[in-house]
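This report reads through the fold of one protein chain, from its overall layout to a few individual residues. The sequence and the model come first, and the description follows.

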Amino acid sequence: MAFEKIKRSENYSEWYNNLVKNADLAEHSAVKGCMVIKPYGYAIWEKMQQQLDKMFKETGHSNAYFPLFVPKSLFEAEEKNAEGFAKECAVVTHYRLKSDPNHPGKLIVDPEAKLTEELIVRPTSEAIIWNTYKGWIESYRDLPILINQWANVVRWEMRTRLFLRTAEFLWQEGHTAHATKNEAIFETKQMLDVYTEFAETFLAVPVVKGVKTPNERFAGADDTYCIEGLMQDGKALQMGTSHFLGQNFAKAFDVKYTNKEGKQEYVWATSWGVSTRLMGALIMAHSDDEGLVLPPKLAPIQLVIVPIFRTDEEKELVFAEAEKIKKSLTQINISVKFDNRDTHKPGFKFAEWELKGVPLRIGIGPRDVANQTIELARRDNKTKQVINASELLTVIPELLKDIQNAMYQKALDFRNENITEVNSWDEFVSVLENKGGFIAAHWDGTSETEEKIKELSKATIRCIPLDNKLENGQCVLTGNPSSQRVLFAKAY
RNA sequence: CGGGGUGUAGCGUAGCCCGGUAUCGCGUCUGCUUUGGGAGCAGAAGGUCGUAGGUUCAAAUCCUGCCACCCCGACCA
């Protein structure tokens, strides 16, 4: 394993790229901007999926699946949405290839096989889904519709980065239809809470819940709620969004229902999504110069056992003990890997599992077997302790909880230390350049000022926090009156 | 897409300016010795030099197009 160590402090983005590759999470593919998610990386994504899926179902949602392609006429139906995505759409124009008469063995697009209507590869599925919902909704009795789909989408980004922004990515998108505005708003906020709980409890990444400014709103939404996380380099990452779509899609696709009074009304909508970008959040929020650091709740392997031995007799002894440990821990639902490879030495294995972020490691050798002890090493803070073998089943689950909590606490402390209140433009620029992180500043509420600030500083308004306290002040740029602070940051 | 850089064995690289088919390290394979923090010695295998053209007796090296990646911008629902 040739792991070229790059420090976060030296080159954060190179560190990130190397980590993703060396920890076996993903690699670039032969397709521009698209990645191959490798088994270890996909295993983490599967853990995320399983948990989110459970939470969606607990809040009454069902999974379904809609087509990858959207006919152009449907795609353009909701004008703002279409406009917002138009610049980054992959378009299917033909349905057949044929042999190239001029270059044997090569293929060309068959000009005879032009589609009468182009198909858009979905960048998001509102259009195809609302076109479908039209056929499903007639009466208030048909509502609400609470559907989620796990899918891939394509957004032709100019500049891509593994997990953070790829041309094709995996995500889930919830699309719900409601009889009333209040119910839809409740749904929007409920799903934001689900995302928040997931981010904080499972990813161990604290997030700010907030609402986007009109500039940053999802194209076609009346309101976009989001959770914003802070990465170790001081840049913010949008980790999930939940949109209140109002009646925009219902009107665009003419989706009406008959209410109890017999009157026709447009349906209210929401949509919400998180993507494989969360993998990027997970990596950037916790990992260190030794590699990945995974929170126990999402680690595909929670504990690895590395045997240490010299002779065949020792090997036999140690392996027997290791198998015993594995079995007893597996029985209490801990995911254990016994690294019984005889092709690598312990030191190599220690380093490799650290690189892969396994939260806990047991090192066991003849000495431990003789003393009935076990050496336990934590990945998050690199501490080691020796415990009595009999304590195993009580100590390990506690330690896993500790690690999960410690990781969250560490990220939370970092995040809190990096929310800085500023009251002048000079301060704003200085904090942004020297410290980074979130900047809590007054803003006069206009798009013009928001854009001007972005232009001058590269910082955007990440969100208006939902729990914001009202406070009179003056806009950090224009000096105009403001009633609350908003969070600015440079973002991924 | 604009500016800058890079592309040579699985990975990291030397060679490029000044043309003559390639250096070193890691890894891989074989054997022996090793094993409580990335093992040692000996031997071996592995290359259309990103790709397509061009110049030349001869191209990793010079020229052009294309592709990919990195850094800085633009873009980012």
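## Terms and overall layout

Helices, of at least four residues, and strands, of at least two, are DSSP runs numbered from the N terminus, and the element names used below follow that numbering. The model is predicted. On this basis the secondary structure of chain A amounts to 14 helices and 27 strands.

The C-alpha atoms of chain A occupy a box of roughly 80 × 70 × 55 Å along the principal axes, and 52% of its 492 residues count as buried. Of the contacts that join residues at least 6 apart in sequence, 68% link residues at least 24 apart. An automatic or database domain assignment divides the chain into domain 1 (12-286), domain 2 (303-405) and domain 3 (419-489), and the centres of domain 2 and domain 3, taken over C-alpha atoms, are separated by 49 Å.

## Two helix pairs

Helix α1 (residues 12-22) packs against helix α8 (residues 277-286) at an angle of about 115°, the axes being 11 Å apart, and the crossing of α1 past α8 is right-handed. On the α1 side the contact is made by Y12, W15, Y16, L19 and V20, and on the α8 side by G280, I283 and M284.

## Helix α9 and its cover

Helix α9 (residues 312-331) contains 20 residues and spans 28 Å from its first C-alpha to its last, close to the 28 Å expected at 1.5 Å a residue. Its buried residues are V318, F319, E321, A322, I325, S328 and L329. An α-helix has 3.6 residues a turn, so residues three or four places apart point the same way.

The cover over the buried residues of α9 includes strands β17 (303-307), β18 (336-338), β19 (360-364) and β20 (373-378), together with helices α11 (366-371) and α12 (392-417). After α9 comes N333, with a positive phi near 65°.

M407 lies in helix α12, and it counts as buried because its relative accessibility is 5%, where the cut-off for burial is under 20%. Setting aside residues up to four places away in sequence, M407 touches A204, H286, V293, L294, P295, P296 and D380. M407 and D380 stand 27 residues apart in sequence, while their C-alpha atoms are 7.1 Å apart in space.

Y225 sits in strand β12 (residues 223-230) and is buried, with a relative accessible area of 9%. Beyond its neighbours within four places in sequence, Y225 is in contact with T188, K189, L192, G210, V211, G240, T241, S242 and L466. The C-alpha atoms of Y225 and F244 are separated by 7.9 Å, although the two residues are 19 apart along the chain.

## Backbone features in loops

Two residues other than glycine have a phi near 60°, a positive value: A204 and K382. A204 is placed in the loop between α6 and β11 (208-211) and is buried, with a relative accessible area of 0%; A204 is also one of the residues touched by M407. K382, by contrast, is found in the loop between β20 and β21 (384-388), and it counts as partly exposed because its relative accessibility is 40%, between the limits of 20% for buried and 50% for exposed.

Note on methods: Residues numbered from 1 in each chain as written. Chains lettered and ligands numbered in written order. Predicted model: local features only at pLDDT ≥ 70, side-chain atom pairs only at ≥ 80, totals over all residues. Heavy atoms only, no water. Expected span 1.5 Å × (residues − 1). Buried < 20%, exposed > 50% of the residue type's maximum accessible area, 1.4 Å probe, protein only. Contact = heavy atoms within 4.5 Å. Axes fitted to C-alpha atoms, helices over the stretch in contact; angles between N-to-C directions. Left-handed = near helix turned anticlockwise from the far one by under 90°.
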